[in-house]
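Have the model open while you read this.

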Amino acid sequence: ADIQKPSPNNYETATKKNPKMATLQIGKSSQNSGTNMGPVGESYDAEYERELVRKLDKHIVPMIMLLYLFSFLDRVNIGNARLYGLEKELGLVGNQFQVSVSILFVTYLLFEIPSNLVLKKFTPRRYIAAIAVAWGLIATLTGLVNSYRSLIACRLLLGAVEAGLFPGLTVYLTFFYTRKELALRIGYLFVSAALAGACGGLLAYAIGFMEGIGGMKGWRWILIIEGIPTVLLGLVTYWSLADNPETASYLSEEEKRFMVIRRSRDASQTASAQELHWRDVRSCFTDWKSWAFASAQFGIDTMLYGFSTFLPTIIKAIGNWSNPQVQALTIPCYSLGAISYLIVAYISDKQQRRALYSLVFAGISIIGYGILLAPVPSGVHYFGCFMVAVGLYVSVGLPLAWLPNNCPRYGKRTAASSFQLTVGNASGIMVPFIYLSKDSPRYITGHAVSLCMVAWAALVWGFLWWWLSRANACRDRGEEDSKVSGMSEQEILELGDES
């Protein structure tokens with residue numbers, strides 16, 4: 001009920017009326033979609049499509065997961081570096097560490113929307129490869145800074161080049177996958193974020209033993225060693241990532257033809273709708289739902305960045321553990337979060353429900369923060385970290401599939417996704433200032449603000465769920481048929497979510 005229904009003259013509606021329909025028959029109706037469907041009577045069964053999706057996963061998912069894993073790792077490993085003497089050696093005082101964390105998001109926000117809009121112009125393969133090499137070099141060289149000012153400069157540059165990755169990958173996935181497959185594939189990106197947290201702790205634990213090698217502190221080695229692989233990955237990306245189904249060397253001609261059929265079968269996936277039109281971009285900013293999703297993303301990303309960046313600090317403060325023990329204790333939290341999201345994203349795609357699971361798992365995280373705020377023993381506080389982690393990636397990730405599901409036209413989908421992420425990532429500027437050193441060990445302010453922001457996101461999603469359910473019910477009753485009266489099938493499809 002939380003996915004807006006398309007116009008009734010498409011394959012999805014036909015299969016709902018006849019669930020046993022296992023074979024796609026492409027006939028005269030293909031001429032009305034504005035795309036070349038192949039010969040009349042050509043058919044592909046459901047097993048053929050499943051095999052094709054598995055092939056796409058094989059060639060796309062590992063690469064995008066590695067890209068986002070290294071991106072997230074290079075962004076938040078400053079939290080691990082803090083435990084190994086970064087503040088002391090650079091002479092950071094007061095809230096200078098918090099500023100160095102948050103300053104990254106200033107340039108990150110400025111470049112997200114422009115990056116998405118030029119993705120097709122420069123082609124995904126070239127653009128993503130270029131920014132990966134660039135941020136890898138910057139992340140590596142951050143380990144050589146010798147002052148607060150140079151650290152700030154590196155963080156600003158890192159934010160500028162990393163800004164295009166996640167929104168770009170989110171849109172890139174829509175080139176290959178249907179709306180019923182999107183949440184799980186975006187889920188793989190958040191699994192990467194969880195793995196980055198777990199691997200970051202594990203790597204920091206191991207690299208920390210390099211303290212003193214080459215006359216450098218352990219924190220420098222953490223930043224350098226975790227940055228170098230990104231440069232190599234960027235070079236690999238250029239040769240392994242396809243720009244779109246039409247240029248994918250791993251697809252046969254028959255499979256490419258079927259990819260066109262899959263696209264036309266989705267709501268309003270006409271050839272024109274998949275081009276960038278500025279009126280579609282403008283419609284993103286005049287649609288109140290885009291603003292609602294963005295404001296909710298700000299709330300939920302407060303939890304994402306607070307938990308991801310400060311989990312080592314939180315765990316260290318609630319017990320008498322050494323730095324290596326702290327790093328080890330972060331790994332189970334991230335792992336549980338990753339597993340939870342994969343399971344829920346799979347179910348969400350099957351049921352085509354986003355709001356229900358976003359709300360339920362936001363509630364679980366709220367309970368986790370309640371435990372962290374309560375005056376209970378350290379072991380219970382650690383259990384609270386697990387509760388936050390269980391809900392974290394589900395409630396952050398599913399709305400990022402929910403919004404593009406309801407934006408079938410490329411221009412609006414691209415703008416809306418990047419706008420949602422831009423506003424959400426603005427929370428990264430705020431987060432370091434709600435987890436201040438003076439609030440240790442309880443960090444009451446940080447946990448209380450995070451709890452309230454998650455609750456805000458849940459309220460927005462609840463309202464959107466109600467509104468979209470009501471809109472779909474009106475469409476089912478035919479109360480909006482007058483909007484498309486006298487239009488051809490092609491004209492109806494061109495309306496996108498406004499049909």
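A residue is called buried when its relative accessible area is under 20%, and exposed when that value is over 50%. Keep in mind that this is a predicted model.

**Helix α14**

Start with helix α14, which spans residues 278–286. Its buried residues include Asp 280, Val 281, Ser 283 and Cys 284. They sit on the same side of α14, because they cover an arc of only 155° around the axis. The general rule behind this is simple: an α-helix has 3.6 residues a turn, so residues three or four places apart point the same way. Which exposed residues does the face of α14 turned away from its buried side carry? Those are Trp 278, Arg 282 and Thr 286. As for what covers the buried residues of α14, it includes α6 (104–117), α15 (288–317) and α19 (410–425).

**Salt bridges**

The structure holds 17 salt bridges. Here are three of them, with N to O distances.

| Pair | Closest N and O atoms |
|---|---|
| Glu 47 and Arg 54 | 3.1 Å |
| Lys 256 and Glu 253 | 3.7 Å |

Take Glu 47 and Arg 54 to begin with. Glu 47 is partly exposed at 36% relative accessible area, and Arg 54 is partly exposed too, at 43%. The two belong to a network of salt bridges that also links Arg 50 and Glu 51.

Lys 55 counts as partly exposed at 26% relative accessibility, while Glu 255 counts as buried at 12%.

Lys 256 and Glu 253 also pair up in a salt bridge. How many residues apart are Lys 256 and Glu 253 in helix α13? They are 3 residues apart, which means about one helical turn separates them. Lys 256 is buried, with a relative accessible area of 18%, whereas Glu 253 counts as exposed at 57%.

**Helix α16**

Now move to helix α16, residues 323–351, where you'll find Asp 349. Is Asp 349 buried or exposed? Asp 349 is buried, because its relative accessible area is 7% and the cut-off for buried is under 20%. The side chain of Asp 349 makes a polar contact of 3.1 Å with the side chain of Arg 354. Leaving out residues up to four places away in sequence, Asp 349 also touches a run of others, among them Arg 179, Lys 180, Glu 181 and Leu 182.

Together with Ile 343, Tyr 346 and Ile 347, Ile 339 makes a nonpolar surface patch of about 380 Å².

**Two loop residues with positive phi**

Most residues other than glycine have a negative phi. With that in mind, look at Thr 123, whose phi is near 70°. Thr 123 is in the loop between α7 (119–122) and α8 (124–142), and it is buried, with a relative accessible area of 18%. Gln 352 has a positive phi of about 55°. You'll find Gln 352 in the loop between α16 and α17 (355–373), where it counts as buried at 11% relative accessibility.

Key:
Residues are numbered from 1 along each chain as its sequence is written. This is a predicted model: local features need pLDDT of at least 70, side-chain atom pairs count only at pLDDT 80 or more; totals for chains, interfaces and linings use all residues. Side-chain values use heavy atoms; hydrogens and water are left out. Helices (H or I, at least four residues) and strands (E, at least two) are DSSP runs, numbered from the N terminus. Buried means under 20% relative accessible area, exposed over 50%, partly exposed in between (1.4 Å probe, protein chains only). A polar contact is a pair of N or O atoms within 3.5 Å; within protein, one must be able to donate a hydrogen and the other to accept it, and residues adjacent in sequence count only if both atoms are side-chain atoms. Contact means heavy atoms within 4.5 Å. Patches are made of residues with over 30% relative accessible area and no salt bridge: like charges are joined within 9 Å, nonpolar side chains (Val, Leu, Ile, Met, Phe, Trp, Tyr) within 5 Å. Accessible areas come from the Shrake-Rupley method with a 1.4 Å probe; for residues, only the protein chains shown count as cover. A salt bridge is a side-chain nitrogen of Lys or Arg within 4 Å of a carboxyl oxygen of Asp or Glu. The arc is that of the directions from the helix axis to the C-beta atoms.
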